[in-house]
Structures are given as C-alpha cells and as structure tokens.
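Let's walk through a few features of this structure together, in questions and answers. Have a look at it first.

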Amino acid sequence: MALGSLSKKKGSKSSKGPPKKKQKGDLFTEKRPEKADLSDDSDVSNEEVEELENFDEDSGSELLSGDVDPLADDFLQGSDDFYVIWFDLEENSGSDSAAGSDGSDSDSEVSDIERKSRALDERRAREEKDAEDELQTNIAEESDEFWLPTEEELEAEANRPPDLQNLQRRIQEIVRVLSNFKDLRQEGAKRKDYIEQLKMDLSSYYGYNDFLIGVLIEMFPVNELLELINAFEKPRPICLRTNTLKARRRDLAEVLLKRGVNLDPLSKWSKVGLVVYDSQVPIGATPEYMAGLYMLQSANSFLPVMALAPQEKERIVDMAAAPGGKTTYVAALMKNTGIIYANEMKEPRLKSLTANLNRMGVTNTIVCNYDGRELPKVLGLNSVDRVLLDAPCSGTGVISKDESVKTSKSLEDIEKSAQLQKQLILNAIDMVDANSKSGGYIVYSTCSMMIAENEAVVDYALKKRNVKVVPCGLDFGRPGYTRFREYRFHPSLDKTRRFYPHVHNMDGFFVAKLKKVSNSLPTAAAAEAVQSTEQAPLSSEKDVESVEEAPLSSVEDAVEGSVRPSKEDSNKKNNPGRIKREHQNGNGAPKPAADKRRERKFPFRKEVPRRTEIIKAREEKRQALRGTKRKGEGSK
C-alpha cells in the first residue's frame, strides 16, 4: 500500500508542475532526519526505506530540472504531497507495530521522555538549591549586628569627601537598631552613642546644624524623624484659593482646565481650595488671576482663618497681614461686611498687601502700619471681636521653601522669637472684648515646629490672662504637646493642632484658638501688681475686692510699671517695719521721684485725674482700716 500511494502521488506531482524550488527543498531537508529514524525502526522494512529514498532523489531532480516558474503554484499547494506521504508511512508503521510488535518502540520513547523529564527536574532542583545557598550567604554577610564606627574610622571619613551611600546605609542601620534596641544593640554600646552618631550622619547627609537636628530628634521617634526629614526635601503642592467674592470653585476649575491647568479639589476639609499638579501656562499670570478670581496660597494658610471662623459685621484684627492671603480669606467669609484692621509692621510689605486687597475686590479693610505690640493703644482695649495672630517665627516648618533654615537657626533665635510672640499674644488678648456677643476669640498660629514658639507661648498666655483653649474646629491634625521632657503644660493644650509635611502633605504648622473669659486680669496677677505698686501688703479681703473692681487699664499700668522696682521699693518689701513707720509718719503716699522714673520708662503713659483719684481713695480707705485695727488692738 505504501508503494502504491507513493507512485500515485508521484504521478500527480508531475502533472501539476513543480512549486517553489527552495521551499520544497527546505521541506525535504527538514524531514530527512525523521526518515533516518524510520530506517532504524525494526518494523519498517529495508525495501520501503530504499524506495522512499529513491523517491526523494527523483522528485528532487524533477523539481530542480523543471522549466515551469516556481512562483506559479502556491506554497501550501505544493506541500500537501509530502504530508500525505508522511501520513501513509505513519499509518503503515502503526498498523505493522500493532500487528506484530512487542512495544519496544513505545517503551524507548517513554524512556526518552522520562529521562528528559528527570534531567529537567534535576536542573530545576539544582537551581533552587543554588538560589537558597546564595540567599543564606547574603544573610550571613548582612548580619543583624551593626557596629558603630570607631574613632579611627571617623577620622578617616573626615579627611576624605563624604560617602553619601555609606552615610545613608549607616543612618538606616542606626534607625533599625534604635527601633529594637534591646535585641540589636552592640554589646557595651549605649543608646546615647547611637543617637550621637545619628545626629552626625543626619547633619552630614541632609545639611542641618547640630541644634536643629538635636531638637527634632528629641521631638520625634527615629522612624518618624526620617520620614519628616525626607518630606522636607520635597516641595509641597501648589494650591489656589477661590475668591468667593467673585467666583465659584466649580466655574474657576472649568476655566483653568480649558487653559491647560491640571488640577483637583484640595481636600474635603476645604470648599474653596484647588491643588495644581501641572500647568501649561504661568499659574500666577493668567487673566483669572489678574481679575482676582483666585489667590495663590499654601494649604496651611487656610487653617488659621478656618479656626477663626469670622462672622459678618464683626470687627476683626489681622496683626501680621502681609501679603494678604489670610486677610482676603477673612473678607470673603465676612462677605465684605464689618471692619478688618490689616496691620503690617514692615513698610515694604504694604505694597503687596494693598495690591492683593484691591485685586481681590476687598472693600471692608483698613491697612495700618504699626508694631503689633502698640495696637492696643491705637485701637483700644477690649475693642474688637476677634484677632488673628499669625506670629513671626523661626520658620522651621517651611524648610522645603527655605533651606537656609537648616543652618541659620540657633537656640538664641528661637528664644528671641518666643519672647516677641509672648508679647504679641498678650496684646492680642487685650484687644478682644470678652463680652462680645459673637466673638471674643483669638487664633494664634506659627509656621514653626519648635515647642518654645507654640505650646510654651500659649501656656504663658493662659497664666497671664483670663483665657481658655477651645477646639480649633479642624477635624484633622495632631494634638499639641501637654508635656515635653521636663516641661509640663496645661492639659487643655491637647485641643491645639499640629500639622506635619510627612503626615498631612503641607508645611509644618501650629494652630491654637483661645476664648477670652474676662476682661480683667487673673486674681494672682492683680494682687501681685497692687503689692508692687502700693509697696505694702493688703490687710483685708475688702482691699482685694476694691482692686478687682478697678479698671483694667490702671491695673495693667501698675503691672507694667513694676517691671523694674527701685532699690527703695525692694528695701520696703524686705523691711515691713520701715513701711509701718512711714505710714505712721504720713509718708505712705508715692513719691514724685517714682512717678518721674515711670514716666521716663513709659513716656506714653501719663497720670490722668481719674487714676489719681482712685489711688487716693484706696490710700484713704487703707489708712482708715489700719487705724481701726490699731484701736481694736489697744483696747484689748
């Protein structure tokens, strides 16, 4: 059957004409090894193999000697004959092996497959074993034990350029050891040694001075500290605030999107903010910006105004207003009603403040140029409803904007800023009227991370004035510190809020909201003021009541006038007998020399008739009380 089929296919092949020469030759060339395998098979006879080889030679010669164009026939059409021949051979071979073979061929094929499969399994197992050995080697090389560098190694590092990769690896290792110090610490090493080395490496790698990096290490755990420092190295997103006096946020977003600005709403806590990812036009020079539809403003600047929550028709003071972002936000919330006093101490910054007020369409604001500590004398005590104090600070929360802060700030700078902030917050409290129907609030904020400029200042105000801390109205942010190292603050300071770049993706910020309880000073401060001014202790509770009923201005002047008591005053405090003798001789009244010294020190405070009458009335009452007391003692 095989020979008959071969002859038939051969005849049909000659009648059709030869196909592509090269392609047909390639087909036969590829199949020749399989035919050679057939010759080894015991089931196929030698005669069939010889006829098949003769057929290959004849057909190949015919293909090569044909005059017909090889491109005339289709490639697939010419290849059908070979597959038919191969199918016949397979069919004959299968029938013969099924008839008389003992299965040795199939056994050999199975054994070949098994041998190859076993070889693949062995190679896979060998690769897995090599990978495991390599992993164990790497683990052995990178042991959990980290050794601090010796003094010789540190000296060698100091004499050559810094190896940033080595510094970064050592920082990560120290952080890992400190996170599990009990199990990973080097034998004989103390935590202080690791902290000191971490300070040196962070200072070298990120460029901080020793003071600032030391304070940050004390404030944050080492893992969070690394996240904070890395966040300072990245810029914060660009934010816009929609001016609701002129536009709505949805309409503004649509217009800016058409101009090629890629933006989104800022967050769910703001109804007017937009965050800009990229822009094809300068975002600070669009027609919408020039028309005052929006203000370029960082996200953290929204927070103090939201905490202040200004109401319509109120009198509000912004003690440090330039360049006007917060002032214009307050005006928008008030809908251009009421009065806003926008104060700025630095005269060159008044230009940007007035320009932004005009551009944003604000009409209820009065711009003034005073030192914030003098505003109570200008605007009056207890004269406004709310005060916003975004105090001047060290700027340690905006390092991403000003990297010079890393090296320029010192302990003296922080103390100087804190002293100024304490003075400003007391004056801000004095301007607010505690009896205001809708107000009586003070918002204090800084862009600093330092506790001395934030919680310590608010705690100082709680001791010096009748105020209390109230919730800021912000549903996010971390609570302020109530205790830090050896310092203990008022428990209500946990209502203040801190914001960090690595947590909230905005500059470091602090916000506190105070409510003024009373327009009078605390009792302890009033008693101390009267004692230092009158130079004698109070003899009964009635005197204390008379002091509490006195106007705040007289008590405040007494406090400020007693900052530096004279030697005579200190001698009188230390010698009560001398005070008694002076009163008996009729010399208890204040001497003109003391008044002159007070006028030289505080030239803007002059004696008014009302205050003089109050002092005389107190003195007469005190003399009468002491006279009755002496008569009672004599009668006994």
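**Sheet, helix and loop**

In this predicted model, four strands form an open sheet in the order S2-S3-S1-S4, and their pairing is antiparallel.

Q: Which strands stand at the edges of this sheet?
A: An edge strand has a single partner strand, so one side of it is left without a neighbour in the sheet.

Q: Which residue in S3 is the bridge partner of Cys239?
A: Strand S1 (residues 238–242) and strand S3 (residues 273–279) run antiparallel, joined by four bridges. For Cys239, the partner in S3 is Val275.

Q: How many Å apart are the end C-alpha atoms of helix H19?
A: Helix H19 (residues 411–431) has 21 residues, and at 1.5 Å a residue it should span 30 Å. The distance between its end C-alpha atoms agrees with this: 31 Å.

Q: Is Asn454 buried or exposed?
A: Asn454 lies in the loop between strand S9 (441–446) and helix H20 (455–464). Leaving out residues up to four places away in sequence, Asn454 touches Tyr444, Thr446, Ser448, Met449, Arg498 and Phe510. Its relative accessibility is 0%, and the cut-off is under 20%, so Asn454 counts as buried.

How values were computed
Residues are numbered from 1 along each chain as its sequence is written. This is a predicted model: local features need pLDDT of at least 70, side-chain atom pairs count only at pLDDT 80 or more; totals for chains, interfaces and linings use all residues. Side-chain values use heavy atoms; hydrogens and water are left out. Helices (H or I, at least four residues) and strands (E, at least two) are DSSP runs, numbered from the N terminus. The expected span of a helix is 1.5 Å times one less than its number of residues. Buried means under 20% relative accessible area, exposed over 50%, partly exposed in between (1.4 Å probe, protein chains only). Contact means heavy atoms within 4.5 Å. Two strands pair if DSSP finds at least two bridges between them.
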